[in-house]
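Here's a quick briefing to read with the model open in your viewer. Start with one residue, then zoom out to the chains.

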Amino acid sequence: MPRTKKTRSAKVGLPPGSLVHVGEKLSEKSKISLIHYDELSLQEMEIQQISGCASFLKKTGVNWISFQGLPEIPVLEELGLSFGLHPLTLEDILNTDQRPKMEDYGDYLYIVLRMFHPESPDRGELKSEQISILFGANFVLSFEEKDTGTFETIRERIRNTKGRLRKSGPDSLAHALMDAVVDHYFLLLENLEERIEGMEEDLVKAPSAGFLNTLQGLKKKMILLRKSLWPLREMITSLERSESPLINKSTLLYVRDIYDHTIHIIDTLETFRDMLSGMLDIYLSTISNRMNEVMKVLTVIATLFMPLTFVAGIYGMNFKYMPELEWRWGYAMAWVLMLAIAGGMLLYFRKKNWW
Amino acid sequence: MPRTKKTRSAKVGLPPGSLVHVGEKLSEKSKISLIHYDELSLQEMEIQQISGCASFLKKTGVNWISFQGLPEIPVLEELGLSFGLHPLTLEDILNTDQRPKMEDYGDYLYIVLRMFHPESPDRGELKSEQISILFGANFVLSFEEKDTGTFETIRERIRNTKGRLRKSGPDSLAHALMDAVVDHYFLLLENLEERIEGMEEDLVKAPSAGFLNTLQGLKKKMILLRKSLWPLREMITSLERSESPLINKSTLLYVRDIYDHTIHIIDTLETFRDMLSGMLDIYLSTISNRMNEVMKVLTVIATLFMPLTFVAGIYGMNFKYMPELEWRWGYAMAWVLMLAIAGGMLLYFRKKNWW
Amino acid sequence: MPRTKKTRSAKVGLPPGSLVHVGEKLSEKSKISLIHYDELSLQEMEIQQISGCASFLKKTGVNWISFQGLPEIPVLEELGLSFGLHPLTLEDILNTDQRPKMEDYGDYLYIVLRMFHPESPDRGELKSEQISILFGANFVLSFEEKDTGTFETIRERIRNTKGRLRKSGPDSLAHALMDAVVDHYFLLLENLEERIEGMEEDLVKAPSAGFLNTLQGLKKKMILLRKSLWPLREMITSLERSESPLINKSTLLYVRDIYDHTIHIIDTLETFRDMLSGMLDIYLSTISNRMNEVMKVLTVIATLFMPLTFVAGIYGMNFKYMPELEWRWGYAMAWVLMLAIAGGMLLYFRKKNWW
Amino acid sequence: MPRTKKTRSAKVGLPPGSLVHVGEKLSEKSKISLIHYDELSLQEMEIQQISGCASFLKKTGVNWISFQGLPEIPVLEELGLSFGLHPLTLEDILNTDQRPKMEDYGDYLYIVLRMFHPESPDRGELKSEQISILFGANFVLSFEEKDTGTFETIRERIRNTKGRLRKSGPDSLAHALMDAVVDHYFLLLENLEERIEGMEEDLVKAPSAGFLNTLQGLKKKMILLRKSLWPLREMITSLERSESPLINKSTLLYVRDIYDHTIHIIDTLETFRDMLSGMLDIYLSTISNRMNEVMKVLTVIATLFMPLTFVAGIYGMNFKYMPELEWRWGYAMAWVLMLAIAGGMLLYFRKKNWW
Amino acid sequence: MPRTKKTRSAKVGLPPGSLVHVGEKLSEKSKISLIHYDELSLQEMEIQQISGCASFLKKTGVNWISFQGLPEIPVLEELGLSFGLHPLTLEDILNTDQRPKMEDYGDYLYIVLRMFHPESPDRGELKSEQISILFGANFVLSFEEKDTGTFETIRERIRNTKGRLRKSGPDSLAHALMDAVVDHYFLLLENLEERIEGMEEDLVKAPSAGFLNTLQGLKKKMILLRKSLWPLREMITSLERSESPLINKSTLLYVRDIYDHTIHIIDTLETFRDMLSGMLDIYLSTISNRMNEVMKVLTVIATLFMPLTFVAGIYGMNFKYMPELEWRWGYAMAWVLMLAIAGGMLLYFRKKNWW
C-alpha cells in the first residue's frame, strides 16, 4: 500500500525551521475564519488573504483567526511575517506528530495539543489530530488539521454577549479552546469503558480466540493515549507556573481546573490498565484451567479403560490350560471383576474431585 | 439497564463553572442544618433558606452549615453569592467524581474528600461519596452526598462545652470533619483484612474456581482505594505546607496527625497488595501442581498397563506353533511375568517419588 | 480465636488525642525506673509515683525514666502534665501500631521505633513492639511494650564512669537507645539469612510441596520489615537535618552512623528479596521440568508399546486365511519384528536425548 | 575469532588522560578538512598538518576542522596543544565507547554523541560510531569514526551564502552538527517500525520457531538505543541550562528543538517496547493454545478408541460360555454398540466445543 | 562448616566506635609502607611503628601510608591518636562489609570503596574487599584487606618524576587510588561478558539442566555488584559537590572522569541484566516448546495406532457369525483398511504441520 504519511525522515538533512509537512495530510483545503470581539462589539468573517486581517491587529479586543485544515506553506509564511512568529513555531505547526507542549516565545505563547476522536466500535485504529494554539497580546491563532467543529460551541459562547469570554482577553479564549480539546477525552474514556465492560462480560462467559488480540488492541490504544496525556499534564503544569504577562491571574484558576481534568483522565486510564492486566491474568488462568480439564478427561478415560482392556486381554489369551475359561460363570465373573475395577476407579476420581 | 449516573461527557462543550450534577445522584433531598457556636454559646437549627443564615455570618464564633444530600442548583447559586464562592468551587461541589484535593481561594479553603462506606460482604461494588468541606474566617460549609450520620459524633463533641472544639476556630472544626472521614478508612481496612484472611484459609484448603475472580475483585477495590488515598496524602501535605492565615499553628499538629493516619492506611493497603500477589503466585502454582499430579496418575496407569496388555496380546496371537501355549504352567507363568513387570514399574515410580 | 488486639476502628469517632490503647497488649504491668546521672554522680531507683521524680527534673544532668510495659492511662496523663507533653504525643505512645517517625514539639523530640524480636525457627509470626523515646533539655523518657532487657547494656554503660555517655547530654542517651534498637535488626537479618540458605539447599535437593508456602512466609516477613525500615530511614534523615537545639553537633555524626546501619540493613533485605525471587523462578522451572520428565516417560512407554500391541493384535485376528499363522517360524518372526520396532524406537529416543 | 576491539581493560593501571584508543577501530585513515567562513567569505581546504591551520585561528569568523576517521595519537596531541585542550578531552575522543555527554571546559564545550547507522535488514548487529564535537570562541572541531558523509549536507548549507549558518557563530554550527546526528535516529526508527510491523503480520499468520529470537534481537537493539538516548536527553538538558558564554541566546531555542526531537524518539521507542511486549504475550499464549489443541486431539482420539477397543477386547475373550458369541446377530450388535459409544463421545465433545 | 566470618551481630550491645573487626578476616598480617614525596624528593620505607612516621607529618609534600592487610586494633588506635581520627572512622575501617561512602570530618575526608576481584571461571562466589582511603592536608592513608598489588602501578607512577602525581597534592593521590579501584571493575565486566556470551551460545544449541542455576548465579553476582555500584556513584557525586578545601578545583575534573566510568559500568551491567532476562524468556519458551514437541510425538503415535489396534481388535473377536473372517481376501482387506487409516492420519498431521 502507498504511504500517504510523510515521516520525519523526509526532513533528515534539512536545516531546522524548514517548512515541510510531516504526518498524514488529513484535509486538502484550509478554511480561515476571523472573529474580532471585545465586550461590546463582535465581527465575524471568512478570510482568503492573511493580509486582510492586518487592520484588525491594530485594534484592541481579541482577534481569533482559526484555521480548519492546515494552511498552505506560503500562507503560513505570510502569517509568520504578519504576526512575528519564529520559524520553529511555523515548522511545529506543520509537523503534526508532536507531543503536547507549551513554548513561551516572549511575544506569544505556543501550545500544541492532541485531539483524539472517539472512534466507531468496529474500527481498529485510533486517529488523532494536532491542535496548535498561539496567543499574544490581542490575538489568538488556532490550527486544526480537520474541520471537525470542535470549536463551534466556543464560537457560540462568544456570540452570546453575556458569557465570561467576551469580558476577558486572549488568554481566556486560549483556555476555552484547550478546555474544549481536553473535554473530548472524556468521550473517549466512556467509549473505552464500554468496551472493557463488554470484554469483562465475554470473559465470564467464554473468551473467544480473538480475546487476546482485542485486549492487546485496547492496550495499544491506551498506550497511545498515555503517550499524549503525560506531556499534556506536564504542559499544563508549566503553563500554570509560567510567569508570562500574557496570562491573567484569574485565568490561572481555570488552568488549574483543566489540570484537574487531566489528572482525572490519567487516573481513569490507569484504572483501565489495571483492569486489563487483571483480565489478562484471568484469561490466561482460564486457558490453563481448560487444559487441566482436558487432561483430566483424558486421564479418567485412560485410567478407566486400560485396566479393563487388560482384563479382556487376559481372557483373550490362547493358553491351553486356563481354568477360568472352562468355568460355567467365568464370563459373568469377568464382567463383575471389570465393573468392580471401574467402580473403584470412579470412586477414587470422585474423592480427588476430578469427576 | 438504564444509566442513572451522569458522566463527564454530559459537560463536554459547556464553559467551565457550569453547574451540572456529574456522578450518581445518591440522595434526592438535601437537609441543611446550621450550628453557631463559640466557647460560651451554642445555637442549632434546621434551615430552609440560605438567606436565613446571613445574620449569623456577621457574628463572631463558628458557623457550621452542613448539607446532607447535595443542594439543588438554585440553592447552591444563592450560597455562592452569600459566601462569595468562586464558580469553579460550586461546579466542583456538584462534580461528585473528583479526587481529593485542596484549593486555596484566599477567603476560604476548599477541600474535597472521598468517603468509602464499609460494604456488606456479599456485595461486589465499593461505593464512595464525595465530601466537600469549605472554611473561611468564621464559617464552615460541609457537603455530604448521603445522610449517613458520619458527622454526628462531631455534633456531639460541639454540644459538649468542655471539648477543645468549642475553644477553637473553623480550622479546628474542618480538621475534625476531615479526621472523621479519614478514620472511616480503618473500618474499611479491617473489612478487607477479614476477607483476605478468609481467602488465605481457602487457599490452604482447596481454592475454588471462583478464587481468581474474588482475588481480582479485591484487587479492583484496592485500586479504587489507592486512587483516592494517594491524592488524599498529597492534599494533606499541601494543607500542612499551606501558608493560609485561615489555619492556626496549633491546628497544624493535628493535620500532621491525619497525615500519619493516611500513611498508615496506605502502608496497610500496600501490604494487602503484596499479600494478594503472593496468594496469586501460590494459586497458580497450586493449579500447576494439580496438573502435574493428574499427569502422574495418567502416566503411572498407562505405564503400568501398557506392557501388561502387550503381554496379554502376545499370548492372544493365533500362531499355530507357539510352544508356551501348550505348556502346563504357561498361563501361570504369564501371570508371574506380568506381576513382575508391574512390580518393577511400581518400584521405579516409588524411586521417582511419583507414588 | 478471640481477638485481644484492639484495632484502630475502636477509635473511630473519638477526638484526636483520646487516650485509648490500640494494638495488642503485650504486658500487663509497667515497671518504671529512673536513672539520674552526670559526669560525676549516678542515682538509680525504681519509682511508683511519677510525682516522685519531679524533684530530679530541676537538677542538671540527665534524668532517664524508662517504662517497661506501657503505663496505665492515669499514670500517662500525670506524666503528660509533669513534663508538658502534647496530648497527641500521649496518644501516640499508646497506639502501638505506628510506623517509625520523629516529631519535634519544640521542648522535646518524640521518636517512635519498632523493635523486631528474632523469632524461633518454628514460629510463623514475626512480632514487633513499639519503642517510644522522648528527650528534652535534661530528661529522656523511654517506653517499651515488654520487659525484654534491650536497654540493659546501656544501663551498664551508664554505670561505667568512663563511657562517653556520662559526659554528654540527653541527646547522646537517646542516640544510644536508638542504636540499641537498630542493632537488633542485625540479629533478625542473620536469622533470615540462615533460613534462606536452608531453602537454597532444599531447592538443590528436592523442593517439598511446602516450599512455596515457606517462601511466601519469608516474603511476608520481609514486607513487614521493609514497612518499618523505610520510615526508619526517613526518620533518621529528618533527625540529621533537624535544627533542634536539643541535638548537639557532635551527636550528629553518631546519628549518621545509625543511618549507615539502616541503609546496610535495607540493602541486605533487598538482596534477600532478589534471592527469594530467583529461588521462585528456579522452583517454578523445576516443577515445569519435572512435568516435562513425566511426560517424556509417558510418551516413551506409550510410543514403545502401542506399535507392539498393534502387532500382537494383528496376529490375534481370527481370519481364516492368514498365511503367517501357519508358518513354522511365524511366532519367532513376530518376536523379531516387535524387537526391531522397539529397538528402532529406543534409538530414536536416544537421538532426541529423551532416554 | 580474533578480537579487534580494544576494551577498557587495556587501560587498567594507566593514569587518566593516557591516549590509548579504546573501542573498535573503524577506519584506518583520517581525513582532515578545514572550512573557514564568515558572512561574506568562505575558504575550504584539506589539511595534512595541524600546524597549517594555526593562522586561521587568529582570524574572526568560524573555523571548522572536521576529522573523518579518528586522528593518529601524535596528531591529536598536537591538536591539544594548538587549541589548549584538556588531556581528558583528548582521552575521551579516543575512547569510542562513551555515552553522550556534554562537558564545559571554560574555553570550549565538549560534546559526545552516538550515531547509529540504519542497518540492512539481514544483518543482526547494530553498529554505532562516536561523534565528538568541540566548539570554542571561533572554532568547531568534529570527529567522526568513519567517513559516512553525515555532515555533507551541512557543508552544502555553509557554501550557500543565504543560510542562517553563515550569519551566526560556532554554537550554531555545533547545533547543526548535533541536529544532523539526532535526525539520523528517525531513519533508524522507521527501519525498526517496518520490522515490528512485519513481525505483527507473522504473528497473525503463524509465528515460526525463530520468532522469539528475532523479538529478542529487536529488544536488544532497542536496549542499545535507549542506553544512548537517555544520556542524550540529559546532555541536551544540561546544554540548555548551561550558562556558558559560548552559547548564544538565540541558539537555545534551536537546542530546545533538538530536545523535542529526542523526546519524540524516546517516546516512539517506548511505544515499540510496549508493542514488543504485547507481541510476546500473544506469542506465548499462541504456543499454549496450540498445545491445548494438540492435547485435545489426543484426548478425543484416545477417548474415542479406548472404549471401542475395550468392547472388541471383550468379545475376543475365549470363555467357553459366552452367550453373545453364539447369537446370530451378535457381531452386528457389537458394531451397533460401538458406533453408539463413538457417537455419544462425539456429541459430548461437540458440547464441550472440542471438536 | 565453621563460620570464620564475624557478623554484625557480634557488635549488638556495644557502644558505637567500639573497635571490633566485622567481616571475614582476609589476611593475618598487615604490611605498612610509607612513601613521602613532593615534586623533587621521594622517600620510601616499610614501617613497623606508627610513631615512626610522626616526623614526616610535619614536612610538606605528600605522606602516603598504606596498609596491606587490616592493622591490629592497638596499631589502629595509635594511628587514630597520631592523625586525630574520629572513633567512628576507626570503627568503619574495621567493619569490612560497608557500602561505598564518603564522609567529611573537616580535617580529613574518609572514603570507603569496594574492590571485586575478577574470579576464576570455575568458582561460584564473588569475593570483594573493602578499600578505605583517608586524606588530609599532607597525608593519605589507604587500607587494603589483602595484599593484591592493586596500588603497585601507582607507586610506579610516583617513582617516575615526570608524572602529574608528583606535582600535586594528597587529593590527586587519593583520586589515583580511587581510579585504580574503579578501573578494576572493567576486568570484572569483561569476565561477565564472556560468560554471558557463552551462555547465549549454549542457549542456541541446547540448554542443559544447569542453565537456570548458572543464570541465577550470574544474576546474584550482578546484584552484588549493583549493590556496590549505586552507592559508589552516589559517593562520587557527593565528592564532586563537596566544598571541602582539601580538594583542588583541578582534581574535580578527574573526579568527574571517575564518575563517567562508574556510569559506564552501571550502564553495561544494566545491559547485561536485560540480556539475562531475555535469555530467561528464551529458555522458558524453549522448554515449553520441547514439551510441545514431546506431546506431539505422543499424540501422533497414539492417534496412529489406536484406530489400527481397534481394527485388529475387531477381527480378533470370537463371534460365530463374522462374515469377513471367512472371506478369502479378508486378511488382505484388513491390511488395506489399516494402511488407509494410517495414511489418512499422516496426511492430517502433515496438514497441521505436526510431522
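**One residue, then the chains**

Leaving aside residues up to four places away in sequence, T251(A) touches D171(A), S172(A) and H175(A), where contact means heavy atoms within 4.5 Å. This is a predicted model, so local features need pLDDT of at least 70 and side-chain atom pairs count only at pLDDT 80 or more, while totals for chains, interfaces and linings use all residues. Residues are numbered from 1 along each chain as its sequence is written, chains are lettered from A and ligands numbered from 1 in the order in which they are written, and side-chain values use heavy atoms, with hydrogens and water left out.

**Where T251(A) sits**

- T251(A) belongs to helix α8 (residues 249-314) of chain A; helices here are DSSP runs of H or I with at least four residues, numbered from the N terminus.
- Is T251(A) buried or exposed? With 4% relative accessibility, T251(A) counts as buried (under 20% relative accessible area; exposed is over 50%, partly exposed in between, using a 1.4 Å probe and protein chains only).

- Helix α8 (residues 249-314) of chain C packs against helix α8 (residues 249-314) of chain E at an angle of about 20°, and their axes are 9 Å apart. Axes are lines fitted to C-alpha atoms over the stretch in contact, and angles run from 0 to 180 degrees between N-to-C directions.
- That makes α8(C) roughly parallel to α8(E), the label for angles under 35 degrees.
- Sorted by class, the contact of α8(C) with α8(E) has 23 nonpolar, nine polar and two charged residues. Nonpolar covers Ala, Val, Leu, Ile, Met, Phe, Trp, Tyr, Cys and Pro, charged covers Asp, Glu, Lys and Arg, and the others, Gly among them, are polar.

**How the copies relate**

- Chain B and chain D share no contact, and their closest C-alpha atoms lie 9 Å apart.
- No contact joins chain A and chain E either, with closest C-alpha atoms 9 Å apart.

Key. Helices (H or I, at least four residues) and strands (E, at least two) are DSSP runs, numbered from the N terminus. Angles under 35 degrees count as roughly parallel, over 145 as roughly antiparallel, 65 to 115 as roughly perpendicular and the rest as oblique.
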